[in-house]
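Visitor: I have a model open and would like to go through it with you. Can we begin with what the record says?

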Amino acid sequence: MSVQAGLRAGAARLGAAGIGEGAREARLLMAAALGLDPSRMTLHLHDDLGPEGAARFEALLARRAAREPMSHILGQRQFYGRAFKVTGDVLDPRPETECLVAAALEEGFERVLDLGTGSGCILLSLLAEREGAQGLGADVSAAALDVARENAARLGLASRAAFQEADWFKGVAGQYDLIVSNPPYIGIAEMPELAPELAHEPRAALTDEGDGLSAYRAIAAGVLAHLVPGGRILVEIGRTQGADVARIFAEAGLQAVELRQDLDGRDRVVMA
Ligand code: GLN
């Protein structure tokens with residue numbers, strides 16, 4: 001079988017599994033199976049796949065057809081222009097979260113704290129973009145922190161990024177110019193409606209098992225003690241949570257509470 005024939009069959013198989021971008025994903029999986037750069041795939045369309053290539057491609061297709069996320073199969077995902085290692089122990093970095101990174105980079109900061117750092121994608125993107133800045137990534141999951149540490153090392157940021165096990169602010173010392181977080185904000189009621197891929201991500205990274213706002217309450221309770229005077233906090237929110245999170249922050253004594261929208265025009269970040 002040729003690579004091209006394999007790609008057609010693979011795209012059809014992923015489409016039948018309910019995957020919208022089957023052709024694109026089949027190309028990425030084929031590239032991984034053959035050890036090729038995906039952008040050079042067209043040069044190999046008429047190559048023979050061979051029994052080993054076909055078996056490797058088939059194994060990757062089967063995982064994707066079972067709705068395992070692409071990032072877990074490929075072992076990484078692009079975020080803010082860099083590749084991050086991703087496993088089932090961390091939330092997959094998402095493009096919406098790049099909006100938080102972009103908003104944070106409009107601020108001046110030297111010391112940054114990322115609460116619920118997961119893969120470390122927010123903290124490490126900020127440190128990579130802001131030379132000389134230092135940061136702490138906190139997470140309640142030791143397994144997630146292992147992934148974040150590996151990402152720091154891969155990106156050459158290990159000397160500027162520290163990681164620590166902590167439950168929101170419990171266990172975090174010191175004050176920061178900038179505090180960021182993309183906490184679990186999906187309410188328990190919305191969990192059953194989610195795409196099958198989300199079953200492969202840590203449940204605790206997605207939902208608070210409550211109304212979706214409890215992480216913001218926990219963060220609001222500790223934030224003033226950990227921000228320098230004039231410091232800023234930026235959190236990602238779900239599209240309907242802007243007013244609630246703005247109120248939680250204002251009631252906690254935070255000032256200059258503002259909302260930011262993502263590229264789709266939806267409320268995505270609260271800053272204060
Ligand atoms: N900070 C990480 C991210 O934005 C993890 C967030 C989380 O686990 N909720 O991807």
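Visitor: Which residues does UniProt list for "binding site"?

Guide: The unreviewed UniProt entry lists Gly116, Thr117, Gly118, Ser119, Gly120, Asp139, Trp168 and Asn182 under that name. Keep in mind that this is a predicted model.

Visitor: And what comes nearest to the ligand in the model?

Guide: There are 13 residues around the ligand, and Leu91, Thr97, Gly118, Asn182 and Ala205 come nearest. Gly118 and Asn182 are also in the UniProt "binding site" list.

Visitor: How does the shell around the ligand split by class?

Guide: Seven residues of the shell are nonpolar and six are polar, with no charged residues.

Visitor: Let's take Gly118. Where is it found?

Guide: Gly118 is in the loop between β3, residues 111-115, and α6, residues 121-129.

Visitor: Is Gly118 buried or exposed?

Guide: Gly118 counts as buried because it has 28 C-beta neighbours inside 10 Å, and the cut-off for that class is 20 or more.

Visitor: What is Gly118 in contact with, leaving aside its neighbours within four places in sequence?

Guide: Its contacts are Val90, Leu91, Asp139, Ala144, Ala148 and Ala205. Of these, Leu91 and Ala205 are also among the residues that come nearest to the ligand, and Asp139 is in the UniProt list.

Visitor: What about Ser119?

Guide: Ser119 lies in the loop between β3 and α6. It is buried, with 28 other C-beta atoms within 10 Å. Leaving aside neighbours within four places in sequence, Ser119 is in contact with Phe84, Val86, Val90, Pro93, Val147, Ala148 and Asn151.

Visitor: Changing topic: how is the protein chain divided?

Guide: Into domain 1, residues 3-66, and domain 2, residues 76-271. The centres of the two domains, taken over C-alpha atoms, are separated by 34 Å.

Visitor: What feature does UniProt place at residues 7-75?

Guide: The unreviewed entry has "domain: Release factor glutamine methyltransferase N-terminal" there. In the model, that span is 64% helix and 0% strand, and its end C-alpha atoms lie 21 Å apart.

Visitor: Why does the radius of gyration agree with a compact globule?

Guide: A compact globule of 272 residues would have a radius of gyration near 19 Å, and the protein chain has 20 Å, so the two agree. Along the principal axes, the C-alpha atoms fill a box of roughly 65 × 40 × 30 Å.

Visitor: How much of the protein chain counts as buried?

Guide: 39% of the 272 residues. As for contacts between residues at least 6 apart in sequence, 64% join residues at least 24 apart.

Visitor: How far apart are the C-alpha atoms of Leu198 and Glu68?

Guide: They are separated by 8.7 Å, while the two residues are 130 residues apart along the chain.

Terms used: Residues numbered from 1 in each chain as written. Predicted model: local features only at pLDDT ≥ 70, side-chain atom pairs only at ≥ 80, totals over all residues. Near = placed C-beta within 6 Å. Nonpolar A, V, L, I, M, F, W, Y, C, P; charged D, E, K, R; others polar. Rg over C-alpha atoms; globule rule 2.2 N^0.38 Å. Buried ≥ 20, exposed ≤ 12 C-beta atoms within 10 Å, placed from the backbone. Contact = placed C-beta atoms within 7 Å. Domains from an automatic or database assignment. UniProt positions renumbered as here; feature names shortened; annotations may be inferred. Helix = DSSP H or I, 4+ residues; strand = E, 2+ residues; numbered from the N terminus.
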